[in-house]
Amino acid sequence: MILFLFTFFLLYGLFHLYAFLKTKAALALGTYASICLALVMIVMIFAPLIVRMSEKVGFDFFGRLMSYIGYTWMGVLFLFVSVSLVVDFYRLTTHLAEIILKRDLSNLAISSQYAFFIPILFSCLIAVYGYFEARSIRTERLIIKSNKIPQASGIRIVQISDVHLGLIVREDRLKRILREVQKAEPDIMVSTGDLVDGQIDNLGGLAELLREIRPRYGKFAITGNHEFYAGISQALDFTKKSGFNILRGEGLNVAGINIVGVDDPQGKTYDNFKDIPERELLSGFSRQDFTLFLKHRPLVDKGAIGLFDLQLSGHVHKGQIFPFSLITGLYYPIQAGFANLSNNSNLYVSRGSGTWGPPIRFLAPPEVTVIELVHLE
C-alpha cells in the first residue's frame, strides 16, 4: 500500500510539474502568478488525502466539495497531459523533419501558446462530455447456452460492479443504476466488488435502496479492493444491510447452479482476508452443475480453467477515461466484454456501473449487465 501511494503521488506530481511548465511557458507567468499556480497544484496533488482525512473527522460537506473539485481536476489534468503529449510529439516530429530535410517548415509548426490552448480546449470539452457519459447507464446483454442449466425457462442474472458508493456516487446515480436492474427483472443479482468507496459512515438510505431489489433466488456479492480500503467490517455490514449474501472463499448451489466467490487479493495486506486457492475452492463443486464464479479482478487462474463455466469480474472500468485504457490494458488483457477461454470456461468483464475518482468517463460508459443462462438441449 505504501509503495502504491508513493508511486501514485510521484506520477501525479510529475503530471502537475509538466502542466505547470506548459502553462508557465505559454502564458509567460511572472513570479507571483507562478507561485500562486504552484500552490494550487500542490493542494490538488494532495486533494485525495485531504478528502480521506475530511471523511475520517466527519467534515462531510468539505470532503464532498474537495472530492468533486480534486477528482474533476484529476480527470481534466489527465486529459490535458494526454493531448499535450500528442501535440508535443507533433512539434518534435516537425522540428526533426526540418533538421533532416533542411527545409523551413515553420508554416507547419505549433507555437507554445497553441500547444497549451489546444489541449486545454480538448480536455475541457471531453470532460464535459465525460461527465454526462458517466451518468448514462447502459444495459449490456449476454446469452450463455449450456446443457447444465436445469430450467427450460433459463435463469436471468444481473451484474453490477464497481459502483463506488461514497462522496460522489450517491442516491441519484444509484437510482439510475437500480432502474436498469429493475427493468431486467433478474432471478439473481450479483455485485462483483467495489460496491463502496472510501469511508462509508454516511451512506444513509443507500442500503435501503439496494434492499428494495429482491430477485427470487437472491443477491450475492464479493469484496473488491475498495471494500478493504473503506474498512472491511463496515463494508461487509453495509453490503449485508443491502440484502446481499457475501461470498468469501465459499459458494452455494442456487436454483441448480453453483455460485462461488472469492475475496479480492488486496485483502492480503489486511487481517480479515480469506485466502483459498481457486482450484481447491472450485473443485469442491459438482461439474455437472453450471458454475458461476465471482472474482473482482479480471485475471484468470490457469489452474482453475475448466472448473467454472462463467467468471464475472470488473475492477478495470475499461480504463474509465481514454487513453488510460492503453495503460490498464498492459496488465489486464481483457478489460471489458466477453472472452471465451479454454475447456468450456468463459469470462465476462464489466466496465463498471459507477466511477472511481473523477466523475468522468470517456469511451468507457458505465453498464449494468444482464446475463441470460439458457438451457441447451
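Thr72 is partly exposed, with a relative accessible area of 28%; here buried means under 20% relative accessible area, exposed over 50%, and partly exposed in between, using a 1.4 Å probe and protein chains only. Thr72 belongs to helix H4, which covers residues 60-101. Helices (H or I, at least four residues) and strands (E, at least two) are DSSP runs, numbered from the N terminus. Leaving aside residues up to four places away in sequence, Thr72 touches Ser67, Pro359 and Ile360, where a contact means heavy atoms within 4.5 Å. Between Thr72 and Leu105 there are 38 Å in space, C-alpha to C-alpha, and 33 residues in sequence.

Before going further, please keep in mind that this is a predicted model, in which local features need pLDDT of at least 70 and side-chain atom pairs count only at pLDDT 80 or more, while totals for chains, interfaces and linings use all residues. Residues are numbered from 1 along each chain as its sequence is written, and side-chain values use heavy atoms, with hydrogens and water left out.

Now let us step back to the whole chain. It contains 11 helices and 12 strands. Its radius of gyration is 23 Å, close to the 21 Å that the globule rule gives for 377 residues, so the chain is as compact as a globular protein of that length. That radius is taken over C-alpha atoms, and the globule rule is 2.2 Å times the number of residues to the power 0.38. Along the principal axes, the C-alpha atoms fill a box of roughly 75 × 55 × 35 Å. Of the 377 residues, 51% are buried. Among contacts with a separation of 6 or more, 74% are between residues 24 or more positions apart.

Next come the charges. The chain has 37 positive and 33 negative side chains, and the centres of the two sets lie 4 Å apart. Lys and Arg count as positive and Asp and Glu as negative, while His and the chain ends are not counted; each charge is placed at NZ of Lys, CZ of Arg, CG of Asp or CD of Glu. A salt bridge is a side-chain nitrogen of Lys or Arg within 4 Å of a carboxyl oxygen of Asp or Glu, and by this rule there are 19 salt bridges.

One of them joins Arg156 and Glu372 at 2.6 Å, N to O. This pair links distant parts of the chain, with Arg156 in strand S2 (residues 155-160) and Glu372 in strand S12 (residues 367-375), 216 residues apart. Arg156 is partly exposed at 25% relative accessibility, and Glu372 is partly exposed at 22%.

Another salt bridge connects Asp187 and Arg216 at 2.8 Å, N to O. Asp187 lies in the loop between helix H6 (171-184) and strand S3 (188-192), and Arg216 in the loop between helix H7 (206-211) and strand S4 (219-222), so the pair ties together parts that are 29 residues apart in sequence. Asp187 is buried at 11% relative accessibility, whereas Arg216 is exposed at 54%.

Asp264 and Arg297 also meet in a salt bridge, at 2.7 Å, N to O. Asp264 is buried at 1% relative accessibility, and Arg297 is buried at 17%. Finally, salt bridges that share partners join Lys22, Asp88 and Arg91 into one network.
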